[in-house]
Each structure stands twice: as C-alpha cells, then as structure tokens.
Amino acid sequence: APDPAAPAPAAGDPWRVDFEAAKRLAAEQKKRLLVLFTGTDWCPPCQAFQAEVAGNADFLALAQTAFVLVKVDWLRNQPQPAEEAEIAGEVAIDG
C-alpha cells in the first residue's frame, strides 16, 4: 500500500517529484528508485525521452512493478514550484 505521508504524483503522472518521500516509499515497498534527471523545458533529448519513453504506458506498467519513479527536473524557461526547485538543488548537491 502506498505511504499515505508520501505525496502522490500529479494526476495521471506516475513520476514523483519529492525525492525523500520516494526513497521512503521505495523502502516500504521493497522497490528500487528509478530517477529521471531531466530538463523538460530546455533539453531536446530530455523532451524526446519524456515523450517516447517516460510517458509510454507499456514502459510505465513494467517499470512500476520494480521501481518507484522519481523525476528531478531543472527548469530554465518556465516557473517551477519552489518546493520542486529546492528538491532538485538538494539532489544535485547531495546526489
């Protein structure tokens, strides 16, 4: 069962953005983390990966059986929620 304290992904998006909550959930569910480091508003290869793989239903169905999915996004061209920007900065420093 999902950790009620862990924020759920955005509606329809299985990629979590809270890295620490995802780590706790992975430990609880005895899964590994699959971390997508990306720049979805400026990086063409990242955008292609997002469109062709990260959002692919077949990939997601398979990946979620063994992994908790986490996206760490460094936005440059659009506003990013402060909490997500802080998490991305912490992951980059601690990573």
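H1 is followed by Lys30, whose phi is positive, near 55°. Such a value here belongs to a residue other than glycine. Lys30 sits in the loop between H1 and E1. Lys30 is exposed, with a relative accessible area of 75%. Exposed means over 50% relative accessible area, buried under 20%, and partly exposed in between, using a 1.4 Å probe and protein chains only. H and E labels are DSSP runs numbered from the N terminus: helices (H or I) have at least four residues, strands (E) at least two.

The model is predicted: local features need pLDDT of at least 70, side-chain atom pairs count only at pLDDT 80 or more, and totals for chains, interfaces and linings use all residues. Residues are numbered from 1 along each chain as its sequence is written, and side-chain values use heavy atoms, with hydrogens and water left out.

Now the overall layout. The protein chain has four helices and two strands. Along the sequence they follow the pattern α-β-α-α-β-α. Of the 95 residues of the protein chain, 32% count as buried.

Go back to H1, which spans residues 19-29. At its start, a side-chain oxygen of Asp18 reaches to within 3.3 Å of the backbone nitrogen of Glu20. Which residues of H1 are buried? They are Phe19, Ala21, Ala22, Leu25 and Ala26. Seen down the axis of H1, these buried residues fall within an arc of 155°, so they line one face of the helix. The arc is taken over the directions from the helix axis to the C-beta atoms.

Next, charge pairing. Side chains of opposite charge can pair when their charged atoms come close. The criterion for a salt bridge is a side-chain nitrogen of Lys or Arg within 4 Å of a carboxyl oxygen of Asp or Glu. How many salt bridges does a search of the whole structure find? It finds two.

One lies in H1. Glu20 and Lys23 meet through their side chains in a salt bridge, at 3.4 Å from N to O. The two are three residues apart in helix H1, so about one helical turn separates them. Glu20 is partly exposed, at a relative accessible area of 40%. Lys23 is also partly exposed, at 36%.

Asp13 forms a salt bridge with Lys71, with the closest N and O atoms 4.0 Å apart. Asp13 is partly exposed, with a relative accessible area of 24%. Lys71 is buried, with a value of 13%.

Strand E2 (residues 67-73) also holds Asp73. Asp73 is buried yet has no salt bridge. The nearest side chain of opposite charge is Lys71, 5.0 Å away. In that search Lys and Arg count as positive and Asp and Glu as negative, while His and the chain ends are not counted. What does the side chain of Asp73 contact? It makes a polar contact with the side chain of Thr40, at 2.5 Å. A polar contact is a pair of N or O atoms within 3.5 Å; within protein, one must be able to donate a hydrogen and the other to accept it, and residues adjacent in sequence count only if both atoms are side-chain atoms.

Last comes the surface. Trp42 lies in the loop between strand E1 (32-38) and helix H2 (44-54). Trp42 is partly exposed, with a relative accessible area of 32%.
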